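Me: I would like to learn how to read a few local features from a set of coordinates. Please give the general idea each time, then the case at hand.

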Amino acid sequence: MKILFLSTFSIFLLSAFDPADSSAHYDKILSHSRIRAREQGPNVCALQQVMGTKKKYFSTCRNWYQGTICGKKATTLYECCPGYMKMDGMRGCPAVAPIDHVYGTLGIVGATSTQRYSDMSKLREEIEGRGSFTFFAPSNEAWELLDQDIHSNLIDNVNIELYNALHNHMVNKRMLTKDLKNGLTLVSMYNDQQLFINHYPNGVVTVNCARIIHGNQIATNGVVHVIDRVLTPAGNTIQEFLEAEDDVSSLRAAAITSGVLDTLGKPGHYTLFAPTNEAFEKLPRGVLERIMGDKVASEALIKYHILNTLQCSEAIMGGAVYETLEGSTVEVGCDGESLTVNGVKMANRKDIVTSNGVIHLIDHVLIPNSAKQVIELAGDQQTTFTDLLAQLGLTSSLRPEGQYTLLAPLNGAFSDDTLRMDQRLLKLIMQNHILKVKIGLNELYNGQNVETLGGKQLRIFVYRTAVCIENSCMVRGSKEGRNGVIHIFRQIIKPAEKSLREVLKNDKRFSVFLNLVKDADLEDVLSQPGEWTLFVPTNEAFKGLTDEEKEILRRDKNALRNILLYHLTKGIYIGNGFEPGVTNILKTIQGSKLFLKTVNDTLLVNELTAKESDLMTTNGVIHVIDKLLYPVDVPVGNDQLLTILNKMIKYIQIKFVHGSHFQEIPLTFFSTRVIEGGPELRVFGEGETITRVIHGEPVIETYTKIIDGHPVKVTEKKVTEERIIQGPETKYTRITEGGRGDMEGDLKKLLEEEAPVRRPKPPKKAQGTPRRRTRLVHP
């Protein structure tokens, strides 16, 4: 009858503190463990045990499906969930564990060493009596791991030292795991010592960095949580620890120099990764002196070792990213029993608990990017670039007080032929990968021009998922340092030297195409400043055509112009700038559409493979193809032309519609409207001069700018004014603007209207060009 009463009472207590109703992470993870073990019977929980250790965890989904904890293989165990027990001949754990006072409960959960020490220290009577206690009870293994000298001292003085130590594990009220909130501070029953609670998203709950391995064992006068280590009082702050420990004197000196030491004496929940003196001795010669001599860099260095959250080592079951006081992040993980920071094993002493945080001693100094020189930002994939800068004497031009941008190609971008170049030529190439100003990723925008150390101008192209400079596009990994920024590129950057026309003229592969361009009166398009993408067929595309057939193409200039302008589109589109596998639709000057996409780093144009891409020119880019392109939606109405096209084009079916004609394409499409500095007007007058202000039409310009790492469309309105000084006998130049060929009548009429406005006066200024002022008006 007594057993029945106790069982009923324990069920009542468990239901009163039902963890399923709690939002606490521990209880959620425990619920998941029940679900994973449901086939084993009622009230069974699935745990993972790290192979080769006694460590067991109620695991997160990530660890469970990976089958590892801290990179080590974990085996699956099935045990009764806390508070339940097995019964002979029945599946699972159908019975509730007997409920007893705290002393008896210590035996139920297997904390027999703590139970024995409670007996020895005369604590038993207290925890068998009336009250409501929370006992964080060290497991038997935890007592074995305790420092031998400390352990002996406790046993030798059971009435005071051991009694006080056990009291330090107790709180004078019942606290279930759902009540143990992250960041909570409890007061122990020994000398009001503080107990620091952390409740992590992975379900781990710690008290002074000791992990609860068996929680919520209800007692008649409280609750017992089994923990994996013996607690020691935490009285000092992190600052006081650094001031007292000789092994971290270098860190202490650096923290004083940077002005950060006082921060570590203030209340908080910090984690300090504290490099030992030996760690500072490993730094390259001169690096520490340079950083410590720079107030900004030294402060960044120390703050990079500090988290504003308390991270106990026992709560780390895999890699996670945390923000430091410096502002950037570190990845904290584990490899078996070892703690890792940014993927490197470095902790040689963990979980030194203080009153305002925890300290992990590490044997490496962590240097944030913000404390590094720009050349130090390069990683393992940019070593060829940095080695060349050093060999060519360019590293010395990157002064610590300057501001630079390095455009660093990956190691694979440097071919053997490039590395065998004459050193003088190679130096010119490398100078074009250094900008004389610091330009972060967020400051780059489409259409931007930047100047290199070698004096060359480079163009920036911003696409939907890529940022490119000339022929080369960025890869992830841009970093900002103390005196500059580094951006990583797939290829060596080649500044454009020649126009579209000059590139075609100098390459015999394109002689047929260029001759047809001349015959269509389109050669000027390829010479004028602008931004074009040109798909150029090689001579191979015209192979097999007779001279007579070529002459037929030349004769029908309108048809030829339509065909050729289907190969031209406004804007500069780099092959690597396209999102891989996604079709991009471009409208050609002819009016029909081109369909482009990249597959395995190869550009496809209307599903035709480009033989070569990204030949940069001063006014565009060339992509080389070996077939003539033709718009599938445009019919042919001439039998001869159809025969010729079918001879060259076999990858599509060209439509024939008797009597159809190609549309007229006026050459106004390449007349550039000048927004600032033109059109040029030269006004010559004798006698009276008159100033007339002509307000131009507002011009809306849209460009793409990188904001917070993402391309964003920015629109600006430009309003122009022209001031024309004119007289009664004015000579003028012809004006061409926006493709209009004849404005003489308009200008003459304007001059006739304005001539009689003022009395003749001697001119104050020599003949000259009109002045134009441009104002930016943000809509």
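Me: Which way do the residues of strand β7 point, and are they buried or exposed?

Reply: In a regular strand the side chains alternate between the two faces of the sheet. In β7, F133, F135 and A137 point one way, while T134, F136 and P138 point the other way. All of these are buried, where buried means under 20% relative accessible area, exposed over 50%, and partly exposed in between, with a 1.4 Å probe and protein chains only. The model is predicted: local features need pLDDT of at least 70, side-chain atom pairs count only at pLDDT 80 or more, and totals for chains, interfaces and linings use all residues. Residues are numbered from 1 along each chain as its sequence is written, and side-chain values use heavy atoms, with hydrogens and water left out.

Me: Why is β7 described as largely enclosed?

Reply: Six of the six residues of β7 (residues 133–138) are buried, so the strand is largely enclosed by the rest of the structure. Strands here are DSSP runs (E, at least two residues), as are helices (H or I, at least four), numbered from the N terminus.

Me: Which strands pair with β7, and in what sense?

Reply: Two strands pair if DSSP finds at least two bridges between them. β7 and β13 (residues 222–227) run parallel and are joined by six bridges; within this pairing, F136 stands opposite H225. With β8 (residues 170–171), β7 pairs in the antiparallel sense over two bridges, and F135 has M170 as its bridge partner there.

Me: How do I read a helix, for example α14, and which of its residues are buried?

Reply: An α-helix has 3.6 residues a turn, so residues three or four places apart point the same way. In α14 (residues 295–303), the buried residues are A297, S298, A300, L301 and I302. Their cover includes α11 (249–258), α13 (287–292) and β15 (306–307), judged by contact, which means heavy atoms within 4.5 Å.

Me: What is found at the start of α14?

Reply: A side-chain oxygen of D294 reaches to within 3.1 Å of the backbone nitrogen of V296. A polar contact is a pair of N or O atoms within 3.5 Å; within protein, one must be able to donate a hydrogen and the other to accept it, and residues adjacent in sequence count only if both atoms are side-chain atoms.

Me: How many disulfides are there, and what is their pairing?

Reply: A disulfide is a pair of cysteine sulfur atoms within 2.5 Å. The structure holds five of them. With the bonded cysteines numbered in sequence order, the pairing is 1-4, 2-8, 3-5, 6-7, 9-10.

Me: What is the handedness of the link between C45 and C81, and where do the two cysteines lie?

Reply: The torsion about their S-S bond is about 105°, so the C45 and C81 disulfide is right-handed. The pair links distant parts of the chain, 36 residues apart: C45 is in strand β1 (residues 44–50) and C81 in the loop between β4 (72–80) and β5 (84–85). Their sulfur atoms are 1.9 Å apart, and both cysteines are buried.

Me: What is the handedness of the link between C209 and C312?

Reply: The C209 and C312 link is left-handed, with -75° about the S-S bond. This pair also joins distant parts of the chain, 103 residues apart: C209 lies in the loop between β11 (205–207) and β12 (210–219), and C312 in the loop between β15 and β16 (320–323). Both C209 and C312 are buried.
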